[in-house]
Structures are given as structure tokens and as C-alpha cells.
Amino acid sequence: MCAALNGVPQDLRLPALLLDESSQEYSDKYGMYINPVANRAKYKHIEGKDQIRVYVDGVFDMFHFGHARYILQAKNMFPNTYVVAGVSAGSTTLELKGQTVMTEEERCESVRQCRYVDEVICPAPWCINVEFLREHNIDFVVQNDAPYPMGDNPDIYKPIKDAGMFLPVFRTNSVSTSDYITRIISEYDSYLQRNLERGYSRHDLGITFLKEKRLEVRRKVEGVQKTITGYIADFMEYFYEPISHRIVDFISPLNSPTTSDVSDQEDSDSEIESKNK
């Protein structure tokens, strides 16, 4: 893979560089996502084409780096790839997958901002077919190779695969929209408190008067706890530690030989030495 470093303009088909990131570090992290089609000749329907149009689709709720890496793989399938992104309709997504965090318009706008996307279809159909691809002059669908069942259909992408118009990519398993939602739910009260402190009302957050007051009490209790902890830390720093040092300084001489003890020992050693002479 080719990544521009040291101020040289970078290929927009690749992820942005981190400050002071070496070429090797960059390649180690992103080399696995750059996997061009090795045997282009077997796809007769793209023979003689310079630019290849590929289609990626999804809900793209709370657009994250897993989504971006999916589209990144599609963008690098061919030297000159035009990526069309299909964003599912809000009503269809609600019916088939459940409530989204972002609206249809917000999801569409998020995908538009991705540097690997050239065109967006929104709303896009949940199930696509070869006719849809031909209508939009799309050469390939790029998706995870795992079957995607829906109802009695074991894989909605099977007709595309059978037509030789499917290219597989892999998922980024370390991230998902569901993971983010779970993280928020697990810290539900903390995020409620956060937004209350930022000026949102209980009506904005959909909570009861009692819930709001419980959170207010919790905030005050935590504030008192922090204050007490601070007082204890200050006490330890300004009183306990100096006293402990004084105690150590006081005890240490008791365990050490005094000046007179040293003198008596020296006199005794001198008498023994004289007798031996």
C-alpha cells in the first residue's frame, strides 16, 4: 500500500495519518484493509471499463470507524473505484431492525462526509437485485460474505452472488453501534446527570420529577464525598506526613549510638590496645 508521509499530500482512498506515525506503523494497521481484486479478468461484465462502480449499503447508525473501514475496503477494490453508498430508509429500518439513534437524514449526512464515498442513495432499498444494480450502473456489491437472512430468505445477497456481482470484505468486530448503545445504557444515570448539568430539562430527557430529584440528591452526595475526600487528603499532606517525619527523626537517635557511647567505646579499645603492647 502507498501512504504519503512527511507533508506529502495523501491519497484520499486511504485513512488519514496520525502525527509522527511511521510508514510501517501505518501499513501494519491498515494493510489488511487494502485488498484489490486479484483476478479482474474473470469478471467479464467489467471488461474494458476504466472506472468501476461499487455499491455499499447499510443502516449506518451512529456512523463509526467500523463503517468507515467497510467503505475503505470497497474503495480500494480497484485502482479507479467509484463508491455508491445506500442508506436504508428510516421506516424500513424501524420495521426490520428496530429503533435507530439517528434520523434517516442524519445517517445520510454522516455517510456523505466519509472521504471514501462518491455518491449516496437515500433512502435505499433493504433488499437489492440485479435490476437495481443495472438501473444505477453498478458493477459490484461489496459486503460481508456471511449470509444475511430475512424472513424465509436465507441470504438476501444470493441473487447478486449468483450473478457474479458480489465482492466480499470483512467486518471490524471490535466496534458496533449496538456496543455504543450498550455502553450508554450501562451508564444511564451518569449520562442523565451529565445532560441535566448541561441545561437539558427532565422533559427533554424523558424522566420523571422523582427521577430528576434522585439524581440531584446523588449529585449533592457525590459532591460532599469529594469534599470530604479532599479534606482528608489535605490533612494527610499538611499534618500527618510532617508529624510522621518528626516521629521518625525522634526515634532514630534512640536506636543509634550516642556521642558519649562512641567515645567510651573508643577509650575501651585504646586500653585493650595498650595492654596488648
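**Sheet and helices of a predicted model**

Q: At what distance does the backbone oxygen of arginine 183 lie from a polar atom of the side chain of serine 186?
A: The model is predicted: local features need pLDDT of at least 70, side-chain atom pairs count only at pLDDT 80 or more, and totals for chains, interfaces and linings use all residues. Residues are numbered from 1 along each chain as its sequence is written, and side-chain values use heavy atoms, with hydrogens and water left out. A polar contact is a pair of N or O atoms within 3.5 Å; within protein, one must be able to donate a hydrogen and the other to accept it, and residues adjacent in sequence count only if both atoms are side-chain atoms. From the arginine 183 oxygen to the serine 186 side-chain atom, the distance is 2.8 Å.

Q: Is serine 186 buried or exposed?
A: Serine 186 belongs to helix α7, residues 177-186 (helices are DSSP runs of H or I, at least four residues; strands, of E, at least two; both numbered from the N terminus). Buried means under 20% relative accessible area, exposed over 50%, partly exposed in between (1.4 Å probe, protein chains only). Because its relative accessibility is 54%, serine 186 counts as exposed.

Q: Which strands stand at the edges of the open sheet?
A: Five strands, paired in parallel, follow the order β3-β2-β1-β4-β5 (pairing requires at least two DSSP bridges). Each edge strand has a single partner, so one side is left without a neighbour in the sheet; these strands are β3 (119-124) and β5 (166-169).

Q: Which residue of β4 stands opposite tyrosine 55?
A: Strands β1 (residues 52-58) and β4 (residues 140-144) pair in the parallel sense over two bridges. Opposite tyrosine 55 stands valine 141.
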